[in-house]
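I opened this notebook to record what I looked up, entry by entry. Each entry takes up one topic.

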Amino acid sequence: MGLSVLAYVVLGASGLWMRQRRIAAFPRPVWVRPFHYATGAVMVVLVLGLLAIGLVGTIGHYGNLGHSPHLFAGLGVVGLVLASAGSATQIGRKPRARSLHLSINLILFLSLAWVSWTGWAVVQKYLP
């Protein structure tokens, strides 16, 4: 989870930098957009991996799902990350995609806090 949050912070910093350069009408270095896309792809892979680990671990330990709000928080984060990635691919083609991408990422900030909080409660159940 820590790597996913780190990826989110790096994406936020690089995204804000790209936005600042665009608003100020300065050219951005050519490596920034591919770096932002690659970091986003890494975040998608990390979140999907965490989903798989969480589902397998929960079913293996409890035998079922849905015993904690962490499931819903995690599914929310996965949905938001996938929606953010999808909207990012449309930024050059659709005028509203950039504002949608930014809005999703602001909601994702709160969702990452929620999933971290509920995840900590789940981890406490596993510790002796």
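This is a predicted model: local features need pLDDT of at least 70, side-chain atom pairs count only at pLDDT 80 or more; totals for chains, interfaces and linings use all residues.

**Entry 1. The pair α1 and α2.** The angle at which α1 and α2 pack is about 155 degrees, and their axes are 9 Å apart. I also looked up the hand of this crossing: α1 passes α2 in a left-handed manner.

**Entry 2. The whole chain.** I then stepped back to the overall fold. I counted four helices and zero strands in the protein chain. Followed along the sequence, the pattern reads α-α-α-α. I looked up the extent of the C-alpha trace, which spans about 55 × 25 × 20 Å along its principal axes. The protein chain has 128 residues, and I noted that 27% of them are buried.

**Entry 3. The pair α3 and α4.** I turned next to the packing of α3 against α4. Their axes lie 8 Å apart, and the packing angle is about 155 degrees. That angle makes α3 roughly antiparallel to α4. For the hand of the crossing between α3 and α4, I recorded left-handed.

**Entry 4. The pair α1 and α4.** I asked how α1 and α4 cross: at what angle, and within what distance do their axes come? Helix α1 covers residues 2–23 and helix α4 covers residues 97–126. I found that their axes come within 12 Å and cross at roughly 150 degrees. The two helices, α1 and α4, are therefore roughly antiparallel to each other. The crossing of α1 and α4 is left-handed.

**Entry 5. The loop residue A25.** I looked for the place of A25 and found it in the loop between α1 and α2. Is A25 buried or exposed? I recorded A25 as exposed, because its relative accessibility is 64% and the cut-off for that class is over 50%. I then checked the backbone of A25, where phi is near 60 degrees. This is a positive value in a residue other than glycine. I set beside this the general rule that most residues other than glycine have a negative phi.

**Entry 6. H36 and its distances.** I located H36 in helix α2, which runs over residues 32–62. H36 counts as buried, since its relative accessibility is 15% and the limit for buried is under 20%. I then looked up the separation of H36 from V10. The two residues are 26 residues apart along the chain, and their C-alpha atoms are separated by 8.3 Å. For H36 and V78, the separation along the chain is 42 residues, and I recorded 19 Å between their C-alpha atoms.

**Entry 7. V78 and A121.** I placed V78 in helix α3, which spans residues 70–88. I noted V78 as buried, with a relative accessible area of 10%. I next placed A121 in helix α4. A121 is partly exposed, at a relative accessible area of 43%. How far apart are A121 and V78, in sequence and in space? I found 43 residues in sequence and 19 Å in space, C-alpha to C-alpha.

**Entry 8. A surface patch.** Which residues make the nonpolar surface patch of about 290 Å²? I listed M1, V5, V9 and L50 as the residues that make this patch. L50 is partly exposed, with a relative accessible area of 33%.

Notes
Residues are numbered from 1 along each chain as its sequence is written. Side-chain values use heavy atoms; hydrogens and water are left out. Patches are made of residues with over 30% relative accessible area and no salt bridge: like charges are joined within 9 Å, nonpolar side chains (Val, Leu, Ile, Met, Phe, Trp, Tyr) within 5 Å. Accessible areas come from the Shrake-Rupley method with a 1.4 Å probe; for residues, only the protein chains shown count as cover. A salt bridge is a side-chain nitrogen of Lys or Arg within 4 Å of a carboxyl oxygen of Asp or Glu. Buried means under 20% relative accessible area, exposed over 50%, partly exposed in between (1.4 Å probe, protein chains only). Axes are lines fitted to C-alpha atoms, for helices over the stretch in contact, and angles run from 0 to 180 degrees between N-to-C directions. Angles under 35 degrees count as roughly parallel, over 145 as roughly antiparallel, 65 to 115 as roughly perpendicular and the rest as oblique. A crossing is left-handed if the near helix is turned anticlockwise from the far one by less than a right angle, and right-handed if clockwise.
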